[in-house]
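Please look over the sequence and the model before reading on.

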Amino acid sequence: MINRRTVVQSAPLAALAIGGAVQVETKDPHSAWAAEHKAILAHLFAPDAPDLESDNPDWVRAKEIEDKLCQTPATTPEGAVAQLEFAMSDEANFELVGGVAGDLDGQILRNVLATLKSLT
């Protein structure tokens, strides 16, 4: 007789039996970090904002977020999109010029970004 206890106890075995076909859906934090970074910079560089000091807690947080965005590998297309959008943003001072003639270096990154977005 199969009861609830038998099913619960056999669940890990069943997961192994199907060869890892069950995957836990995870979400990268990169999009949230990028949104927070953008909001912080908008606040720090607003027309009425005071002069920025390097020890300003918001500036320190923005630098921490930049480090996380750049150093934490993405595990989903959404996370990779967020990283690439950040890398190509004005906030990151994206200026690829001259690496490949005719702005092809920038174009290849725009193509990769478009492909990743199509996967999300």
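R61 and E64 form a salt bridge in which the closest N and O atoms are 3.5 Å apart, a salt bridge being a side-chain nitrogen of Lys or Arg within 4 Å of a carboxyl oxygen of Asp or Glu. The model is predicted, so local features need pLDDT of at least 70 and side-chain atom pairs count only at pLDDT 80 or more, whereas totals for chains, interfaces and linings use all residues. Residues are numbered from 1 along each chain as its sequence is written, and side-chain values use heavy atoms, with hydrogens and water left out.

**Salt bridges around R61**

- Because R61 and E64 are three residues apart in helix α3, about one helical turn separates them; helices here are DSSP runs (H or I, at least four residues), numbered from the N terminus, as are strands (E, at least two).
- R61 also forms a salt bridge with E36, and in that pair the closest N and O atoms are 2.9 Å apart.
- This second pair links distant parts of the chain, since E36 belongs to helix α2 and R61 to helix α3, 25 residues apart.
- In terms of accessibility (buried is under 20% relative accessible area, exposed over 50% and partly exposed in between, with a 1.4 Å probe and protein chains only), R61 is partly exposed at 22%, E36 is partly exposed at 30%, and E64 is partly exposed at 39%.

- Elsewhere, salt bridges that share partners join E36, R61 and E64 into one network.

**The aromatic pair**

- A search of the whole structure finds one aromatic pair, where rings of Phe, Tyr and Trp (its six-membered ring) pair if their centres lie within 6.5 Å, and planes under 30 degrees apart count as stacked, over 60 as edge-to-face and the rest as tilted.
- The ring centres of F45 and W59 are 6.2 Å apart and their planes stand at 90°, so the pair is edge-to-face.
- Because F45 lies in the loop between α2 (30–44) and α3 (57–71) while W59 lies in helix α3, the pair ties together parts that are 14 residues apart in sequence.
- F45 counts as exposed at 53% relative accessibility, whereas W59 is partly exposed, with a relative accessible area of 21%.
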